[in-house]
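The sequence and coordinates are shown first.

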Amino acid sequence: MGEDMFQSTEIGIDLGTANILVYSKNKGIILNEPSVVAVDTTTKAVLAIGADAKNMIGKTPGKIVAVRPMKDGVIADYDMTTDLLKHIMKKAAKSIGMSFRKPNVVVCTPSGSTAVERRAISDAVKNCGAKNVHLIEEPVAAAIGADLPVDEPVANVVVDIGGGTTEVAIISFGGVVSCHSIRIGGDQLDEDIVSFVRKKYNLLIGERTAEQVKMEIGHALIEHVPEAMEIRGRDLVTGLPKTIMLQSNEIQDAMRESLLHILEAIRATLEDCPPELSGDIVDRGVILTGGGALLNGIKEWLTEEIVVPVHVAQNPLESVAIGTGRSLEVIDKLQKAIK
């Protein structure tokens, strides 16, 4: 009886650089908030969290700053991350509608994270009232969430392009066979666009504008019908606001280098693959998850470059969170098998 009472309170948290998602077994994704905190620098009080805080980025008076406490998928500011998590756990408890008994929480960490970084994550979650905290590697979570048979001895290749990191991993029998994690993701692409516009047009734009540009007219390195988009920023010469037109092929050039780094990581991972598993990859291909999987034409571009089938996960933004929540069952299954 005692055990059953805790059964419903297993939740999975995807602590992403850009968004934090919470998944519960019974209700699916119950929360999806940008990982941003707005803080009053004089009193250190937290003023807004999540979507409300994201709208403040780059628009606040001097004493209020909107910060992202997670950088490159790891905790950059411990206290703020704890505040963010507390708020999120509270919200999650409300939406599950349970008298929030201490839940079992599974959190995913980037596979390149150090022991110290992992410890920081599990401590932060424990401080927010979790009973047990399990950590799971992000690519494994992404694979489970994308419905890949991770517990079978076949090669599952996952390319998870997140906000702060891109993780490429070959997973077989529940573990990572070979993996590369690079600190290039959606944020880096936004930065590329900001610096390109600054160099070429002497115009300063914010990261939110850059993100919009990437989503609307950003393309992977493939032939496409040119599109244009109007953006506004501050002219660095006159210091006045100014509007310019951006072309999609300029943006493509701006992102070229970062995209090639992502390709390089995929190639490096496939090169490390044991020959027995290479056959599986030719048949089954590679699956893309994470926000980067939504970039226009990325599937076609990668198919061309690595000559194996490339698929996009069903809901790439959520697959890590879904996989994190489901992972306990898979972990149990595997541990039995490994024993």
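The model is predicted. One of its open sheets has three strands in the order β5-β4-β6, with antiparallel pairing. Strands β5 (46-49) and β6 (64-67) stand at the edges, and each has a single partner strand, so one side of each is without a neighbour in the sheet. On average, neighbouring strands here are turned by 20 degrees against each other, direction ignored.

Strand β4 covers residues 37-40 and pairs with β5 over three bridges in the antiparallel sense. Within this pairing, V37 stands opposite I49 in β5. Helix α3, residues 78-96, lies across β4, β5 and β6. The direction of α3 is at about 60 degrees to β5.

## The sheet β14-β15-β16

Another open sheet of three strands has the order β14-β15-β16, and its pairing is also antiparallel. Its edge strands are β14 (203-204) and β16 (241-247), each of which pairs on one side only. Strand β15, residues 228-235, is joined to β16 by seven bridges in the antiparallel sense. M229 stands opposite L246 in β16.

Helix α7 lies across β15 and β16 and runs at about 165 degrees to β15.

Strand β17 spans residues 286-289. Its residues V286 and L288 point one way, whereas I287 and T289 point the other way.

Strand β11 (residues 156-161) pairs with β17 in the parallel sense over four bridges. Strand β18 (residues 310-312) also runs parallel to β17 and is joined to β17 by three bridges. I287 takes part in both pairings: I287 is the bridge partner of V158, and H311 in β18 is the bridge partner of I287.

| Strand pair | Sense | Bridges |
|---|---|---|
| β4 and β5 | antiparallel | three bridges |
| β15 and β16 | antiparallel | seven bridges |
| β11 and β17 | parallel | four bridges |
| β17 and β18 | parallel | three bridges |

## Helix pairs

Two packed helices are described by the angle between their axes and the distance between the axes. Two pairs are treated in these terms.

Helix α6 (residues 186-201) and helix α7 (residues 207-217) have axes that come within 8 Å and cross at roughly 100 degrees. An angle from 65 to 115 degrees counts as roughly perpendicular, and α6 and α7 are therefore roughly perpendicular to each other. On the α6 side the contact is made by G186, L189, D190, I193 and V194, and on the α7 side by E207, A210, E211, V213 and K214. By class, the residues of this contact are five nonpolar, one polar and four charged. Helix α7 is also the helix that lies across β15 and β16.

Helix α8 (residues 248-271) packs with helix α10 (residues 298-306) at an angle of about 50 degrees, and their axes are 11 Å apart. The two helices α8 and α10 are therefore oblique to each other. Their crossing is right-handed. From α8, the residues in the contact are L259, L260, L263, I266 and R267, and from α10 they are W301, L302, E305 and I306. The contact of α8 with α10 has seven nonpolar and two charged residues, with no polar ones.

What surrounds S24, apart from its neighbours within four places in sequence? S24 belongs to strand β2 (residues 19-24). With a relative accessible area of 1%, S24 is under the 20% cut-off and is therefore buried. Beyond those sequence neighbours, S24 is in contact with E10, I11, I30 and I96.

L277 is found in helix α9 (residues 275-284). Its relative accessible area is 11%, and L277 is buried. Leaving aside neighbours within four places in sequence, L277 is in contact with P153, V154, A155, I170, S172 and V177. D187 is 90 residues from L277 in sequence, and their C-alpha atoms are 32 Å apart in space.

Terms used:
Residues are numbered from 1 along each chain as its sequence is written. This is a predicted model: local features need pLDDT of at least 70, side-chain atom pairs count only at pLDDT 80 or more; totals for chains, interfaces and linings use all residues. Side-chain values use heavy atoms; hydrogens and water are left out. Axes are lines fitted to C-alpha atoms, for helices over the stretch in contact, and angles run from 0 to 180 degrees between N-to-C directions. Angles under 35 degrees count as roughly parallel, over 145 as roughly antiparallel, 65 to 115 as roughly perpendicular and the rest as oblique. A crossing is left-handed if the near helix is turned anticlockwise from the far one by less than a right angle, and right-handed if clockwise. Contact means heavy atoms within 4.5 Å. Ala, Val, Leu, Ile, Met, Phe, Trp, Tyr, Cys and Pro count as nonpolar, Asp, Glu, Lys and Arg as charged, and the others, Gly among them, as polar. Two strands pair if DSSP finds at least two bridges between them. Buried means under 20% relative accessible area, exposed over 50%, partly exposed in between (1.4 Å probe, protein chains only).
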